[in-house]
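Dear colleague,

I am passing on the structure we spoke about, and below it you will find some notes on what came out of going through it. Please read them alongside the coordinates.

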Amino acid sequence: MSAVTLPAVLADLEARAGASDKNREAWLAERRAGVTATEIRDLYLGAITVQDLVDLKLGRKTDTFTGNRYTDWGNAREPIIAAELAGEGFVAESRVFHHPENSRHLASPDGIRVTWDEEIEIAEIKTAAYDLPPGSPILAKKGYVPQMQWLMHVTGGVRGRLAVEERIEMPDRTFEPGTLHRHWIERDDALIAELTEIADAFLAELDRQREHGAPVIDEDVDTHAVNYLRGLAAEKEGKALKESAYQALIAAGVWQESPLARVTFTPGKPDTEFEDVVVDLDAAAAAHPKETAALERAKARVLKLQAAWDELAMQHTVTLTRTSKGTAPRITVTAGKGTKK
């Protein structure tokens, strides 16, 4: 019995396959060494900071999320949906794969198939309360497109099958499976390049902190930053209060003076129409063609003389010392998780 020869693209992918989630400890350890599609999605969306992810990778923090009824339902439905996708030729996957040129770029697709043209396509399975069609705001908010682009980047896939099964909540808060929607997500090399920059910057910071330790937080700088954010919030609140109060005073339309404030109301004036006399240059040109032509010739001659003069003037130069205007230092402050509570 002759051995089965794998397509070249699949043989290459198999050579880059790592641990399966059936051996969860090995699978998690392998994922900690690099950056995964889920992590890239969260970094891209800002759902996790670089520092928090570094802390998780280096064991300084522990992911306390152990799942909920939504994730439990998704985990229970995934093999059933994967069986549906098998009808399209997708083989269910549980392993972590490595990019051929950077083994720390990692991905764990839910399914893989090879087309007749020997191209790789990946599958990603989701359950949700509603469909997530390509181009929809809700899909963009979920971040599943960048997640799938990373899967394609690592595996070499040319497109991805997004399988979304609707999750119907029953009165007793249990779930029932709804319609299974199947969408194609085409490879986007521009987005992949953007994600690669994010990944490489993260990995560089991970390596730096692994060697040199966590960054030192200057408490004084932290205090000033928090005060700055509080000032911004107060400024925003004050602006909204000022605008609403002003509109209320306009609506009241009264003049009054009290020990607390003096209000002077000046009624507005309605728009009025008036006639304005302007020169109709087109009509003037049509009525006086000889004079118009003479003017155009004069303009052309002036342009020619200016060009000749500019050429002569360039023969006479002098070196001057000038000072270019500098720029003031700038800083950007954004709220950390502690200030968002």
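Does Phe265 count as buried, partly exposed or exposed? The model is a predicted one, and in it Phe265 has a relative accessibility of 30%, so this residue counts as partly exposed, given that the class lies between the buried limit of under 20% and the exposed limit of over 50%. Phe265 sits in the loop that runs between β10 (262–263) and α10 (281–287), and together with Tyr246, Ile250 and Trp255 it makes up a nonpolar surface patch of about 440 Å².

A patch of another kind, one of negative charge, is found on the surface where Asp218, Glu219, Asp220 and Asp222 gather. Of these, Asp220 belongs to helix α9, which spans residues 219–252, and with a relative accessible area of 55% Asp220 is exposed.

Turning to the strands, β7 (residues 159–169) and β8 (residues 175–186) pair in the antiparallel sense, with 10 bridges between them, and Arg161 stands opposite Trp184 of β8. The two strands, β7 and β8, form a hairpin in which five residues lie between them, and in that turn Arg173 has a positive phi of about 70°.

Note on methods
Residues are numbered from 1 along each chain as its sequence is written. This is a predicted model: local features need pLDDT of at least 70, side-chain atom pairs count only at pLDDT 80 or more; totals for chains, interfaces and linings use all residues. Side-chain values use heavy atoms; hydrogens and water are left out. Patches are made of residues with over 30% relative accessible area and no salt bridge: like charges are joined within 9 Å, nonpolar side chains (Val, Leu, Ile, Met, Phe, Trp, Tyr) within 5 Å. Accessible areas come from the Shrake-Rupley method with a 1.4 Å probe; for residues, only the protein chains shown count as cover. A salt bridge is a side-chain nitrogen of Lys or Arg within 4 Å of a carboxyl oxygen of Asp or Glu. Helices (H or I, at least four residues) and strands (E, at least two) are DSSP runs, numbered from the N terminus. Buried means under 20% relative accessible area, exposed over 50%, partly exposed in between (1.4 Å probe, protein chains only). Two strands pair if DSSP finds at least two bridges between them. Lys and Arg count as positive and Asp and Glu as negative; His and the chain ends are not counted. The place of a charge is taken as NZ of Lys, CZ of Arg, CG of Asp or CD of Glu.
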